[in-house]
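Here is a short briefing on one protein chain. Look at the whole fold, then at a single residue.

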Amino acid sequence: MPAGTVHNPLRDPRDKRLPQMAGPGVLVLFGVTGDLSRKKLLPAIYDLANRGLLPPGFSLVGFARRDWEDQDFRRLAYESVKEFARTPFREDVWRHLSEGMHFVPGEFSDPGAFEALAMAVKELDQTRGTGGNYAFYLSIPPKFFPQVIEQLQRSGLAERRAGSWRRVVIEKPFGHNLASARELNETVHQVFPEESIFRIDHYLGKETVQNILALRFANTMFEPLWNRSYVDHVQITMGEDIGIGGRAGYYDGIGAARDVIQNHLLQLLALTAMEEPTSFSAEAVRAEKAKILSSVRLPADLGTTTARGQYAAGWQGSKPVRGYLEEEGIPPDSRTETYAAIKLEIESRRWAGVPFYLRTGKRLSRRASEVALIFQRAPHLPFSHTDTEELGQNALVIRVQPDEGVTVRFGSKVPSTSMEVRDVNMDFAYGESFTESSPEAYERLLLDVLIGDPPLFPRQEEVELSWSILDPIEEYWSEHGRPEPYKSGGYGPASADAMMTRDGRAWRRI
């Protein structure tokens, strides 16, 4: 354990309340010079070390197309940690961690570079006691996945020895439709078994996402209401106030639905709607999620139950911003949507007749991600019209980001001599209720990869079911015109509001 790390000698490894420490191993990070690595992965690795959750011999090997030595990689990691780490910087922890950092330069197409990588990790087995345990993190564009997987096989890096493990970590998107997802899966399965494949959806590492299950199944006050008898509809939202930034090469042709709905929002739908699992093991949770995703049905008329938009120029706060078609690297005739909203139904006894509305967009009024259960109106109100003029529907809102917590909206009497009822909010905020700070999502997910704990990672069945939901929508959109422009800094296209109005409902303001 690194010097200076807080250690409890009485710590019982069987105590599930404590984070489990990773065992010996090497994390090989492909694409180590990219934004994801610099802003998320390298800081998360340091934070794990700072919390005493990495073993003394843990080693990190970077692989990229740079003519670098080990010290160049360490300098990049140092700058990333200093700027983006969640936990305070401690020189002794950094010194110990950086001793295990190494760099291998090379192209993905170069077999010699992968032979050099194989020699580097085998040397670490001898010098740092990593035991032949290797996790390969593919923080690279999806088009390179097959090439890297093939090179790992050819070089022998993917071949597991007795008493050791090999794991591969794949970042979304897992394909761009059902057919490509299956093709990617076949490629990876030729080299790695399913239990060694970790498909990262960073949203599933967020504390508030995991709290959906705790909220539902640990509290008798909520679960009895979590059904069609009381819930009018469900809204699942991921709104962003930023544009595409420098991601034009990735984003154009992908769009909001493929980028967010297919993975993040459908996973949130599954966690919100699933039945209680027999346990919280990976297989039990995944089985219930798969049941829900297989029960999702699209409405017959996709023209009135979906909406898509593309942000135009406007104002973000007090600053003017340009439209999507004016962004650098975006073709002027692009039909890629930056806003997507869809209505889904679930054919189950619990949710029959309850619509689920999913929406995501860029350049909206503010950043907000949430799951909102909107309850049915009371069947009878023994008040006059003026008493309840402003009364809305009860709601339970799980705030995923940025202000993580839960809000309950209900009617309450206004202090006065008359009987006047208004909506009020009761809030729970993570930051105010717990002294412990929540680990960053990648922190949790990286630790789970090194431990080999898979509950927070979607399996291939979930990926394919999600694509089978989205593909018909994408096909419909491809045949029906262009996305509707909407002003930056607003609430999205008018067609999204019209979609809700037809049902006699309205989006929550974000």
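Contact means heavy atoms within 4.5 Å. By that rule, Glu 171 touches Leu 36, Tyr 137, Leu 138, Phe 145, Ile 200 and Tyr 442, leaving aside residues up to four places away in sequence. This is a predicted model: local features need pLDDT of at least 70, side-chain atom pairs count only at pLDDT 80 or more, and totals for chains, interfaces and linings use all residues. Residues are numbered from 1 along each chain as its sequence is written, and side-chain values use heavy atoms, with hydrogens and water left out.

**Glu 171**
- Glu 171 sits in strand S5, which spans residues 166–171. Strands (E, at least two residues) are DSSP runs, as are helices (H or I, at least four), and both are numbered from the N terminus.
- The residue Glu 171 is buried, at 9% relative accessible area. Buried means under 20% (1.4 Å probe, protein chains only).
- Its side chain makes a polar contact of 2.5 Å with the side chain of Tyr 137. The side chain of Tyr 442 makes another with Glu 171, at 2.9 Å.
- A polar contact is a pair of N or O atoms within 3.5 Å; within protein, one must be able to donate a hydrogen and the other to accept it, and residues adjacent in sequence count only if both atoms are side-chain atoms.

**Whole chain**
- The chain has 15 helices and 18 strands.
- Of its 510 residues, 53% are buried.
- Among contacts with a separation of 6 or more, 78% join residues 24 or more positions apart.
- The C-alpha atoms fill a box of roughly 80 × 60 × 45 Å along the principal axes.

Conventions: Buried means under 20% relative accessible area, exposed over 50%, partly exposed in between (1.4 Å probe, protein chains only).
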